[in-house]
Amino acid sequence: MNVIDLHCDVLYKLSIMEEPVSFHNDPSLQANKERLLAGKVNVQFFAIFVAADLAPAEKFMSAIRQIELFHSHILAPNPDIIHITDWSQLDQLGEQEIGAVLTVEGVDMIGESLEKLELLLNAGVKLVGLTWNQANAVAYGADEPSHLGLTPFGHEVVKLLNSRNIIVDVSHLNEQSFWDVLKEAKHVIASHSNARSLCDHPRNLTDDQAKALVGKGGHIHLVYYPLFIKKEVKSVTTEDFMHHFVHLARIVGVEHLGLGSDFDGISVFIEDLQDASKTQRVINALKDHFEDDHIRGIAANNFKNYIQQVIATS
Ligand SMILES: [Zn+2]
């Protein structure tokens with residue numbers, strides 16, 4: 001069953017290598033092309049992420065470098081990987097093709113420049129998370145005090161994203177930033193988060209947040225990272241992961257759920273789910289809890305429905 005995966009960190013991983021490896025089948029990439037094909041992931045989102053400890057000027061350079069790597073290492077050598085610059089392309093992918101979507105995970109690289117943000121959007125970025133876990137000029141991340149929200153510049157950023165019909169990703173925001181974004185953003189999604197009532201971690205969504213997000217038209221893509229699934233991480237199974245799907249399906253509806261692996265951003269794994277080639281193990285585990293149509297929804301169709309709202313307002 002074909003899968004749309006809303007988050008991986010392949011670009012960042014390539015960008016910190018002295019000599020970037022081949023995307024085709026290098027084993028150091030959890031989400032290389034061979035593994036995506038083996039796991040039937042036919043749309044992969046690629047995040048641009050810059051490290052917090054870089055000097056401000058270096059951050060923008062790092063983002064540009066990752067866009068360059070996206071072109072030189074992912075698109076150019078692989079004509080069967082299609083850069084999704086318009087959402088309508090999702091429905092036009094051939095059986096053997098992989099759609100590739102550019103995203104940003106934390107806008108630290110723009111500093112206080114809307115012009116830099118526009119440049120990233122013009123390069124094809126379709127989904128933007130405002131922060132990683134720390135604060136920046138725009139908002140406060142999951143590790144920050146929960147009462148601090150969007151900054152005045154952050155409001156301008158959301159306005160620009162709205163005007164360009166860009167999806168705002170709430171996965172790494174702290175609570176107040178989450179609520180501020182929910183109020184103002186036109187299109188919202190959580191690209192890689194689980195249920196906080198089952199695993200109390202600031203990266204997960206409370207039941208109230210999950211309901212409000214879906215109430216605003218948003219979807220929740222669940223993440224394969226063991227620390228966001230279960231407190232004792234010695235061994236986390238796909239069945240443990242299923243509890244989050246069952247719970248969120250019960251409170252917001254299964255038709256608003258999807259997948260966001262976080263491959264290449266994680267170094268501990270659900271048992272036997274250490275790279276993208278194993279993706280169908282998640283699909284198989286879902287079979288014990290959901291009917292086929294719902295599983296097809298979680299795998300890809302829910303996101304395709306979600307994107308129809310985005311297309312309709314563009
Ligand atoms: Zn992340």
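Which residue stands opposite Ile-82 in S4? Gly-99 holds that position in S4.

**View 1. Overall fold of the predicted model.** The model is predicted; local features require pLDDT of at least 70, side-chain atom pairs count only at pLDDT 80 or more, and totals for chains, interfaces and linings use all residues. Residue numbers start from 1 along each chain as its sequence is written. The protein contains ten helices and nine strands, where helices (H or I, at least four residues) and strands (E, at least two) are DSSP runs numbered from the N terminus. Its radius of gyration, taken over C-alpha atoms, is 18 Å, close to the 20 Å that the globule rule gives for 314 residues, so the protein is as compact as a globular protein of that length. The globule rule is 2.2 Å times the number of residues to the power 0.38. The C-alpha trace spans about 50 × 45 × 40 Å along its principal axes.

View 2. A residue is buried if 20 or more other C-beta atoms, placed from the backbone, lie within 10 Å of its own. S4 covers residues 98-105. Strand S2 (residues 41-48) runs parallel to S4 and is joined to it by six bridges; two strands pair if DSSP finds at least two bridges between them. Ala-47 stands opposite Thr-103 in S4. Strand S3 (residues 81-83) also pairs with S4 in the parallel sense, over three bridges.

View 3. S4 and S5 pair in the parallel sense over four bridges. Across this pairing, Val-104 has Val-128 in S5 as its bridge partner, and Glu-105 stands opposite Gly-129 in S5. Right-handed denotes that, with the strands pointing away from the viewer, the path from the first strand over the helix to the second runs clockwise.

View 4. Five of the five residues of S5 (residues 125-129) are buried, so S5 is largely enclosed by the rest of the structure. S5 and strand S6 (residues 167-169) run parallel and are joined by three bridges. Leu-127 has Ile-167 in S6 as its bridge partner. From S5 the chain passes through helix H5 (residues 152-163) to S6 in a right-handed β-α-β crossover.

How values were computed. A residue is buried if 20 or more other C-beta atoms lie within 10 Å of its own, exposed if 12 or fewer, and partly exposed in between; C-beta atoms are placed from the backbone.
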